[in-house]
Amino acid sequence: MTVVRSGDRPALVRGPELPTLQRLVDRANGSQAVTVLGNRSTRGEAVPEHTHEVEEVLVVTEGECAVTVDGQQHTLWAGDAAIVGPGAVHSIAHRSDQVCTVVAVLGSADATIWSE
């Protein structure tokens, strides 16, 4: 078993309109099958439209956000999840005054992120 401590993984502060991104799990620290990311947003920050070659599950762990997949927008609250199929165009927007945290699990230990 490998334990990955959040405090040991760098968080990437990407600017005033993009959420903070933390790459928690991937092949570099022992995963053979998934990449796990944390996105922490404040009001007005968004992950712009992008795609992945693998399935992605977005789990809202705090707050609320709007997830748009292939043009269909849904509001997700803490405890909700969205399954995004491979190749689907998707984005995450945050409009609330409360912080929103979304954990993204991608079906590859080598998943690339649109901003990398």
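Exposed here means a relative accessible area over 50%, with partly exposed covering the range between that limit and the buried class, which lies under 20%. The legends below refer to a predicted model, in which four salt bridges are found.

**Close-up 1. Arginine 43 and aspartate 97 form a salt bridge.** The closest N and O atoms of arginine 43 and aspartate 97 are 3.2 Å apart. The pair links distant parts of the chain, since arginine 43 sits in the loop between S3 and strand S4 (46–50), whereas aspartate 97 belongs to the loop between strand S9 (90–93) and S10, the two being 54 residues apart. Both partners, arginine 43 and aspartate 97, are exposed.

**Close-up 2. Arginine 27 is joined to aspartate 110 by a salt bridge.** In this pair the closest N and O atoms lie 2.8 Å apart. Distant parts of the chain are again linked, with arginine 27 in the loop between strand S2 (20–25) and strand S3 (35–41) and aspartate 110 in the segment after strand S10 (100–106), at a separation of 83 residues. Arginine 27 has a relative accessible area of 38% and is therefore partly exposed, and aspartate 110, at 45%, also counts as partly exposed.

**Close-up 3. Glutamate 62 and arginine 40 form a salt bridge.** Between glutamate 62 and arginine 40, the closest N and O atoms are 2.9 Å apart.

Methods: Residues are numbered from 1 along each chain as its sequence is written. This is a predicted model: local features need pLDDT of at least 70, side-chain atom pairs count only at pLDDT 80 or more; totals for chains, interfaces and linings use all residues. Side-chain values use heavy atoms; hydrogens and water are left out. A salt bridge is a side-chain nitrogen of Lys or Arg within 4 Å of a carboxyl oxygen of Asp or Glu. Helices (H or I, at least four residues) and strands (E, at least two) are DSSP runs, numbered from the N terminus. Buried means under 20% relative accessible area, exposed over 50%, partly exposed in between (1.4 Å probe, protein chains only).
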